Amino acid sequence: MATVKLDLRRDVKFKDNHLPIVMVIIANRKKLVIHMGHTVQPDHWDAEKGLPNSKCPNSAHLKGLLLKKLSQAGKEVLRMEEETGRVDLQALKIILKPHEEAKGIQEYAQIIADNLLEAGKIGNSKAYLSTISKLNKFNGDKQLNFAEFNYKKLLEFEQFMAGKKIHTNTISFYMRTLRAIFNRAVKEGVCKEANYVFRDYTIRNEETRKRAITKPEIDAIRNLELEAGTPVEFARDMFMFSFYTRGMNLIDIAFLKKTDIQNGRIEYSRRKTAQLFSVKLIDAANNILKQYENDTPFLFPVIKRKGKEYLDYVSFKRLINKKLKDVALEAKITTTLTTYVARYSWATIAKRQGITTAIISEGLGHESEQTTQVYLDSFENEVLDRANELVTG
């Protein structure tokens, strides 16, 4: 007998503490998880009934939507059991979540998010889930139709987010994700080209403060005498390891395995882009690895719980970025220190050493030098002044 129920997915959490609602179907000792396209706070969920409770905003409307989908799934399961004696989960997934039957923008985006999640691209999936959540709040949990989402509606969505005091660059993030949804929908024939709303819309960005620090500041961080075995020392070491490995992203550091070291090099696939990297381990990076030897398959003692790997990473990231504030204080650095500063700094210091943008771009794994330019800080005025004096004589 197959079971069909609604539950919360607790390994994917949003900043506002919301959790995605999922339908869980278990048959033939296998499990199928389908996202419902809605999120709730944990205390707004009745675990016994598998439905939102009375604390949840628009609970009656949301219950109706969920029960309708639950009923559809239950009927399909019964039909399969009666006709074939078994439940084909893959066929069930196609029946319940086909692209052609995506009646709204949120439903279609949910299909994309589900596919990304299955491919292990949790961060990318969360970008779509976050945008779905914003669209639901904007439209009162009602589906938005591709044909009806015109330029006026797009501006209203932007104004809605601005009214919620969301920063310009965060609004830009949601708009870029929404644009990606429309781009894919047009390619797959879900949205007509005539209804492509981003043709006359420009996504605005605010220039952010450059995050690179100087070589002397990097040296100051490296030379700090910190108490051994403390979280502050661990944060400093993770920052320096990123710097030593051409600005390796923190998520890639967390998931590095011992088998990734081959012939004195780290051979790994970047989780964000699936791009292959080969980085020579310099002595300083090797020393950090030796310091954190452990009995897990991973190079660093970060990923410890099976099935909750991403949650382990999120806790790790939160700890490192929190403790890097203490590192900055110790090193007398005024720049807000995060792990991404190591990546920006590697690129900027390389530029100041005379290394070409093309080589820096390849080192960072960028598809174009234009992307790399975003990382590179401007040369200080005095450097340009000296150059001008040399040129003009």
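Biologist: How many helices and how many strands does the protein have?

Modeller: The model is a predicted one. Its secondary structure includes helix H8, residues 231–244, and helix H12, residues 339–352. In total, the protein has 15 helices and 8 strands.

Biologist: What percentage of the residues in the protein is buried?

Modeller: A residue is counted as buried when its relative accessible area is under 20%. The protein has 393 residues, and the buried share of them is 46%.

Biologist: Is Ser 345 buried or exposed?

Modeller: Ser 345 belongs to helix H12. Beyond its neighbours within four places in sequence, this serine contacts Arg 211, Ala 212, Ile 213, Ile 218 and Phe 243. Its relative accessibility is 0%, so Ser 345 counts as buried.

Biologist: Which residues have the most contacts inside the largest nonpolar core?

Modeller: Nonpolar side chains tend to be buried together in soluble globular proteins. Here the largest nonpolar core has 53 residues. The residues with the most contacts inside this core are Phe 239, Phe 241 and Phe 300.

Terms used: Residues numbered from 1 in each chain as written. Predicted model: local features only at pLDDT ≥ 70, side-chain atom pairs only at ≥ 80, totals over all residues. Heavy atoms only, no water. Helix = DSSP H or I, 4+ residues; strand = E, 2+ residues; numbered from the N terminus. Buried < 20%, exposed > 50% of the residue type's maximum accessible area, 1.4 Å probe, protein only. Contact = heavy atoms within 4.5 Å. Core = buried A, V, L, I, M, F, W, Y, C linked by side-chain atoms within 4.5 Å.
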